[in-house]
Every structure is written in structure tokens, then in C-alpha cells.
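Work through the exercises below with the sequence and the structure at hand. Each task is followed by a worked solution.

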Amino acid sequence: MKKLMLTSALLCGSALALTACQTVEGQMQTGNPLDQPALKSTLKATDGSDREVGQLFLRPVDDGVQVYGKLMNMTPGATVALHIHETGSCANMGKAAGGHFNPDNNPHSNPDDMDGHAGDLPNLTADEDGIATVNYVNKKISAAEAGKYSVYRRAFIVHAGADDYTSQPAGAAGDRIACGIIEKN
Ligand SMILES: [Cu+2]
Ligand SMILES: [Zn+2]
């Protein structure tokens, strides 16, 4: 067991093995370890640089869909919003992704509010190295490839500021600084 943990730590320390590390971490944290992520998204800066910001994974767990992964190259210490937006396009500096994914026509809210947008997610805070860890179970979405609550071919958006979980229609989180379309893993 000690040896196994050491191997995990080494994997997590290697940039090349980052994807494997994230998968291992996700499996350790919640759900059935045999379930592989069904969907993934590679997020890139919307400033025209095409700079990769990180990868997020989605997989079904008992009570919803686990969203997990790491975002990098963020402003150290910054707290910013992350949402799932309704349209799978990152064009026009992320504006083409449209509004928050909202299949039940609810108001914007705290992500844990079952009567809020399905696409609402908790704010992220970057550490001193500019890395933000994402690990959240969203109970209002599906990782299936079709259906009313499916997030397949929708888009993650990272904003320049934090979501206040109150302002309509999108939490007053500011510009869209990174975007990634949700694809099959
Ligand atoms: Cu957003
Ligand atoms: Zn919202």
C-alpha cells in the first residue's frame, strides 16, 4: 500500500502524467472506481492565444455527475467563476457559448440550490502556483450523450471574476477568460 501511494504521488508530480493523476484523484474521492469519466473538456484562453488552461472531466456517480480536474496558469490567489454554458462554441471570446445551461428555466443561484441553473458550479480559487482544483458533484446534470439534462457538446466557461450566486442572469462574474467544449472522453 505504501508503494502504491508513492507511485500515485510521483504520477501526480509529473506534468506528462497530469491526466492520469486527475483520473486517479477523482476515483479516490468519490464514486465507483470502475467508472471512467464519460466526458472531458480541454479549456483554452479566449484571448486568441489558444493557451491551454487545463482539463476537466465528468463522470456519473450515485447522486449526480462528478466534475473534476485542474486548471492552471491562473492568477495566484484569484477567485473566479466556473459554469457550464448552453452552447458548445467558444467563438467570439466565449460569448458564443450563450447563457448558463438551464433546462428547467430557473433563476441563477448557488450551485447547491436544486432550483437554480443546472450549469451553475462553485467558484474556484487558484493557489500560489496559479492552479485551481475542481471537484464537485453536480446533481442537476447528466453525463449521457443525449437527454434534457445532458451536458455533452455544451461548454465550460471560466470568468475573470467571482460569481456572487445572486445577480441575474449569471452572477456578475465578468468577462469570459477561458472556454472548453465538453466532448466524449
Ligand atoms: Cu459563466
Ligand atoms: Zn447560472
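**Exercise 1.** Which strands each supply at least two residues of the lining of the second largest pocket?

Solution. The model is a predicted one. Start with the pocket itself: its volume is about 200 Å³, and 14 residues line it. Those nearest its centre are Thr42, Lys44, Cys90, Cys179 and Gly180. Next, assign the lining to strands: strand 1 (39–45) and strand 9 each supply at least two residues. Strand 1 gives the most, with five. Last, sort the lining by type: five residues are nonpolar, five polar and four charged.

**Exercise 2.** Describe the largest pocket and find the strand that gives the most to its lining.

Solution. The largest pocket holds about 260 Å³ of space. Its lining has 18 residues, with Arg51, Asn73, Met74, Thr75 and Ile177 closest to the centre. Strand 9 (residues 176–181) gives the most, namely three residues. By type, the lining comprises eleven nonpolar, three polar and four charged residues.

**Exercise 3.** Identify the atoms that coordinate the copper ion (ligand 1) and give their spacing along the chain.

Solution. The coordinating atoms are ND1 of His83, NE2 of His85 and NE2 of His159, at 1.9 to 2.0 Å. Along the chain, these donors follow H-x1-H-x73-H. Then check burial: His83 and His85 are both buried, that is, under 20% relative accessible area.

**Exercise 4.** How many helices and strands does the protein chain have?

Solution. Reading along the sequence gives α-α-β-β-β-β-β-β-β-β-β-β. The count is two helices and ten strands.

Technical notes
Residues numbered from 1 in each chain as written. Chains lettered and ligands numbered in written order. Predicted model: local features only at pLDDT ≥ 70, side-chain atom pairs only at ≥ 80, totals over all residues. Heavy atoms only, no water. Donors = N, O, S within 2.8 Å, 3.2 Å for Na, K, Ca; no water. Buried < 20%, exposed > 50% of the residue type's maximum accessible area, 1.4 Å probe, protein only. Helix = DSSP H or I, 4+ residues; strand = E, 2+ residues; numbered from the N terminus. 1 Å grid on protein atoms, 1.4 Å probe; cavity = no way out; pocket = protein on both sides within 12 Å on 5 of 7 lines; lining within 4 Å. Points joined across faces, edges and corners; volume = space filled by probe spheres on them. Nonpolar A, V, L, I, M, F, W, Y, C, P; charged D, E, K, R; others polar.
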